[in-house]
Amino acid sequence: MDITFTNAALPQSPAPIWPADAWEQLRLQQILQQASERANTIHQPVLASFTHAVCPCDPLQYFQAFHTLHLGECFYWERPSEQRALVGVGATATIQTTGQSCVQEAAEIWRQLQAQAILGQGSAAIPDRTSGPLLFGGFTFDPLTPTTELWQAFPDGLLLLPYLLFHCDETCAALTINLQVAPDADIASLTAEISAHLHTLEQALARTLPQETDRLPAPSLQIEDLLSADLWMEQVAATVKRIKQGAFAKAVLARAVRVTNPRQDFDVIQTLKRLRESYPVAYVFAIQRQEQYFVGATPERLVCGADGQIQTMALAGSAPRGKTEEEDRQLGEELLHSQKNQGEHHVVVSTIQNALAALCSRVWVGDAPHLLKLKNIQHLQTPITGDMLPGHSILEAIEDLHPTPAVGGSPRQPALEAIRELEQLDRGWYAAPIGWIGHTGNGEFAVALRSGLLHGHQATLFAGCGIVADSDPESEYAESCLKLQVMLRGLSGEE
Ligand SMILES: C=C(O[C@H]1C=CC=C(C(=O)O)[C@@H]1O)C(=O)O
């Protein structure tokens, strides 16, 4: 199948990557020069960031090309339905934090990093929301759960300022170059180095054309439960019992499967391609750490902040898709009227509403949940927006919102304690915030659901279900299997 991303009217040819315009090249040198002068004054490196327009192009081509540059690890983020994407390589700065205040600490380091930065841009149109220095990364689900071998490479908090960032929206595309310029830096050799990297990138992009489509028959994957189905269902029953005893109202229990491809290593690019074709309304992402990739296609937005407005959602309550239109409509109606699912959903709405009250002057909540229909599953969804109070950023919103009861529980603390005790799982970055924040404070984070950690020919995939007083262990197990299908199909290509 062909790639669906990009406006068909836009050219698909490789872009001139080094600023084509001589004025823009001069402007870049000027930015580096200014950064060097400031570095001399304050006796420490200064961040220089320059954004210039490039030809729109499939972001996956950039992801593929970035891998060949040997400039460091890569990441990928795309919202196919909005034709927005971010693809980065290398780390000009790495913000790594640990423990319960990992989000707060990251926000403070980001503030310091930007304080002295010199920013510039070319004259042609660039995607305005994502221009300038921008961090991409994520956080762990629960800093109080000990990290196992599996998630060693993923710290509690990790935000990366890439060396090169390709970003695009529905109208244009750009490349941002981020550099730390040292005192007395040699600007001529810095410029020559950037030019050489961009020249190599241009050649690599040309080689990625045309996009190859994987036509191999789907491999039959070996799938093994980390905790047996029976044991997991026993944990669900134990959670229901505690809920009935009044310990908490809801807790989300997750499970994991280990998947092996007996034939070859998993192909991250093909996986992303399949995920974005099957889940165009999802956030499709991948972040590399050494040989591992955390990959997913999540339908859940945690928070989007743009110009003082904050947007989030409650997403909880699930049903399968029907095999016929009629069956699908009926399953949707049942979901909309199911007391169990409405209860599970309502807890999420009210918790988010309360969390936003401290950050926003006004909060709006959709009147009633509507159906979000995905390829093989449908959910109850309620949009929530607010006017953020001055001086707040989306990183603070993340701190307050995560984990919502769509992935944690309610009340939060007793539910998290039960999860730690019963689940017997290191969730790592699964069900945790992943996304980006720009230098103006705008940004977007999703909840990393429908995801897995890929390492060579092995992958560990995760899925969870909201447990309430009337949850049935077998139905919850079946629901978790539907959720796992997203990554299983993404990995195998099987329909
Ligand atoms: C925890 C997951 O889904 C959440 C989001 C939507 C619906 C959910 C549910 O109905 O249980 C979960 O709260 C997951 O996909 O692993």
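Let's start with the buried residues of helix 9, which are Ile394, Leu395, Ala397, Ile398, Glu399 and Leu401. Buried here means that 20 or more other C-beta atoms, placed from the backbone, lie within 10 Å of the residue's own.

A quick word on what we're looking at. This is a predicted model, where local features need pLDDT of at least 70 and side-chain atom pairs count only at pLDDT 80 or more, while totals for chains, interfaces and linings use all residues. Residues are numbered from 1 along each chain as its sequence is written.

Now, the domains. The domain assignment, automatic or from a database, gives domain 1 (22-207) and domain 2 (222-492). Their centres, taken over C-alpha atoms, are 28 Å apart. Across the boundary, 37 residues of domain 1 are in contact with 41 residues of domain 2, contact being C-beta atoms, placed from the backbone, within 7 Å. On the domain 1 side, strand 2 (74-79) provides the largest share, six residues.

So what about the core? The largest nonpolar core has 145 residues, and Ala48 and Leu135 are those with the most contacts inside it. Such a core is a set of buried Ala, Val, Leu, Ile, Met, Phe, Trp, Tyr and Cys residues joined through C-beta atoms within 7 Å. Setting aside neighbours within four places in sequence, Leu135 touches residues including Trp110, Leu159, Trp436 and Ile437.

Last stop, the ligand. Its shell has 17 residues, the closest being Ser318, Ala406, Leu449, Gly464 and Gly466; the cut-off is a C-beta atom, placed from the backbone, within 6 Å. Strand 15 (309-320) and strand 23 (458-467) each supply at least two of the shell residues.

One record to mention: an unreviewed UniProt entry annotates residues 231-483 as "domain: Chorismate-utilising enzyme C-terminal", and such annotations may be inferred rather than shown by experiment. That span is 35% helix and 37% strand, with its end C-alpha atoms 19 Å apart. Thanks, everyone!

Definitions and conventions:
Buried ≥ 20, exposed ≤ 12 C-beta atoms within 10 Å, placed from the backbone. Contact = placed C-beta atoms within 7 Å. Helix = DSSP H or I, 4+ residues; strand = E, 2+ residues; numbered from the N terminus.
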